[in-house]
Amino acid sequence: MADISYDSPMEKSSESPRIIDLPRIYDPRGNLTFVENGDGRLPFRIERVHWTYDIPAGAERGGHAHHSCSEVVVAAAGSFCVKIFDGRGWCEYTLNRPYQGLLLPPGYWRVLDNYASGSICLTMADEPYREDDYIRDLDEYINLKNQ
């Protein structure tokens, strides 16, 4: 595996990963958050939704990048960290609010870890699953970024 420092800064741009707020309806009986295709809150139309749960203590998920797929990752329950690498530097987000999502454009390596007990990671994507869209080897990812 490549030698990468988590202390190096990730370059930011308008196309960088970022936290986005999702709508909230407050109610004394319990709040509601929703996403609707075409309402302008997401920069894409949702084509796939998946979630991970029952994640064992110390487990790491993700460990990949996408060539073309964009995603929004939400801590539907609990909390976890998302570490993102752009080929030059790393940044880290802690997700712990079900009304906020982390927008991940294509081309960013991501690793999810530090899951609290009972966490549910919900992911909305703009493409159906395609194995050829995944980059699953960090060294390959770094080589692609350096071309």
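Val-49 is found in strand E4, which covers residues 48-52. The model described here is predicted. Val-49 has a relative accessibility of 40%, so this residue counts as partly exposed, because that class runs between 20% and 50%. Together with Trp-51, Tyr-53 and Ile-120, Val-49 makes a nonpolar surface patch of about 400 Å².

From this patch we turn to a sheet. Five strands form an open sheet in the order E8-E7-E10-E5-E12, and their pairing is antiparallel. At the edges are strand E8 (90-95) and strand E12 (134-135), each of which pairs on one side only.

Strand E10 stands between E7 and E5 in that order. Its partner E5, made of residues 61-66, runs antiparallel to E10 and is joined to it by three bridges. Within E10, Arg-110 is the residue opposite His-64. Strand E7, residues 80-85, also pairs with E10 in the antiparallel sense, here over five bridges. Cys-81 has Asp-113 of E10 as its bridge partner.

Are the residues of E10 buried or exposed? Strand E10, residues 109-113, is mostly covered, and five of its five residues are buried. In a regular strand, side chains alternate between the two faces of the sheet. In E10, Trp-109, Val-111 and Asp-113 point one way, while Arg-110 and Leu-112 point the other way. In soluble globular proteins, nonpolar side chains tend to be buried together. In this model, the largest nonpolar core has 16 residues. Those with the most contacts inside this core are Val-73, Phe-80, Val-82, Ile-84, Leu-95, Leu-102 and Leu-112.

Which residues does Val-82 contact, leaving aside its neighbours within four places in sequence? Among them are Leu-95, Leu-102 and Leu-112, which are also listed with Val-82 as having the most contacts inside the core. Val-82 is in contact with Cys-91, Glu-92 and Tyr-93 as well.

How values were computed:
Residues are numbered from 1 along each chain as its sequence is written. This is a predicted model: local features need pLDDT of at least 70, side-chain atom pairs count only at pLDDT 80 or more; totals for chains, interfaces and linings use all residues. Side-chain values use heavy atoms; hydrogens and water are left out. Buried means under 20% relative accessible area, exposed over 50%, partly exposed in between (1.4 Å probe, protein chains only). Helices (H or I, at least four residues) and strands (E, at least two) are DSSP runs, numbered from the N terminus. Two strands pair if DSSP finds at least two bridges between them. A nonpolar core is a set of buried Ala, Val, Leu, Ile, Met, Phe, Trp, Tyr and Cys residues joined through side-chain atoms within 4.5 Å. Contact means heavy atoms within 4.5 Å. Patches are made of residues with over 30% relative accessible area and no salt bridge: like charges are joined within 9 Å, nonpolar side chains (Val, Leu, Ile, Met, Phe, Trp, Tyr) within 5 Å. Accessible areas come from the Shrake-Rupley method with a 1.4 Å probe; for residues, only the protein chains shown count as cover. A salt bridge is a side-chain nitrogen of Lys or Arg within 4 Å of a carboxyl oxygen of Asp or Glu.
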